[in-house]
Amino acid sequence: MKKQCCEESEATVGSWECWFDDACIVDMDYFVKTLSSIKQKGIRADLIGSIITHYASIWLPDLSASSENGVTTQFQSPESVTSSWMKKRFFVETLVNVLPPEKDSVPCNFLLRLLRTANMVRVDAAYRAEIEDRISSQLDQASLKELMIPSFSHTCGTLLDVELVLRLVKRFMSMDRDGAALVKVAKLVDCYLAEAAVDANLSLSEFHALAGVLPNHARATDDGLYRAIDTYLKAHPGASKQERKGLCRLLDSRKLTPEASLHAAQNERLPVRAVIQVLFSEQAKLNRQVDWSGSFSLRSPNDPPGRCLSKREMNAQQLEITKLKEDVYRLQNQLNALKVQMERLAVKKKGLFKWKRLGMSTFGRNVGGVERIEEEEEEAERESRFGRQTPMDMKTSLVKSRTPHKWRKSMS
């Protein structure tokens, strides 16, 4: 094996992998010594990483990409759970020690599977921290399937380890990563949030922390974040109005596509303020589009006034104008639909405002006149009973009313 590894130009990764298909390397210590000898020959780090990943996928099926499909190896033997966990823990710790220090020498998805196994068998925290550091440095290469690591902690109420993903993203951001890698991580986080939001035990603080850890410029569009928020509101119908407002503050309505804006305008789970912001943003986009189309000219300002456009140039500009008109027509239809939805919301709010006016503003004004109304009603009642009387009649009635009552004679 050592002799073959010396000839790097003639060897390939596939030929190295076949060395470990044989059951000759059963002892882990012997594998480590062999790997050290290979490193001393100056073999590239990515080839060393390929040897490690292939060896690990054979002797530990949990680290294989096809382990979830029920693929097993012929080297597995029945043993107790405790003994199996102890072997896995020793295997993972040994692999972490022999990993090449160079970046990208080991695939990120393999590191995620290694971390999942390390969390499951309770590997020492120092080894897990080293794996997390390696994953964070190349998080933009991770896949959603491998990132969905279940939570093995009894204190965590969620199915997925959201706190782990939050740590990975924070470490990724601490490395001052920008550009295409940041955009990929933002898309990955939004997809992960949409999957984790289905869990009813996911708290609002956890969702808010993971969604807000990325800067605003990381997302080209907020469609993925809107999908995650809508999924969370579906799984948490008891969310209060303030909680829903807090979630919608994460969204930038200006970065929603027309399709997402149309869905948000008809979404009854969103607060009214968020829907109105989406409508205003779409109207502003349409106004800018119309203004730009109105200022479009067939002739470029750099062209000389006497120059005539060629037929090819005119056809290209006519085609662009046609596309622009189609876009304006489509946006106008969407705006009309949004206006209809806005009118419906205004009708719902109108009834609420009407009751507020009748119940609050009129109440303070009418309280002072209650006594006057009661006096007028008493006076009208007296007039209907006795009719209108002169002062002498009123005096006579008062005297009569003072006449003492006649008592019956006592039987005694």
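1. Glu132 comes out as buried at 5% relative accessibility (buried is under 20% relative accessible area, exposed over 50%, partly exposed in between, with a 1.4 Å probe and protein chains only). Its partner Arg167 counts as partly exposed at 35%. The two form a salt bridge, with the closest N and O atoms 3.0 Å apart (the criterion is a side-chain nitrogen of Lys or Arg within 4 Å of a carboxyl oxygen of Asp or Glu).

2. A word on the model: this is a prediction, where local features need pLDDT of at least 70, side-chain atom pairs count only at pLDDT 80 or more, and totals for chains, interfaces and linings use all residues. Residues are numbered from 1 along each chain as its sequence is written, and side-chain values use heavy atoms, leaving out hydrogens and water.

3. Asp133 and Arg171 also pair up, N to O at 2.9 Å. Arg171 sits in helix H9 and Asp133 in helix H7, so this bridge ties together parts 38 residues apart in sequence (helices are DSSP runs of H or I, at least four residues, strands are E runs of at least two, numbered from the N terminus). Both ends are partly exposed: Arg171 at 25%, Asp133 at 40%.

4. Arg219 is in the loop between helix H11 (204-212) and helix H12 (223-235), while Asp190 belongs to helix H10 (residues 180-196). Arg219 is buried at 8%, and Asp190 is buried at 6%.

5. For the whole structure, the search turns up ten salt bridges.
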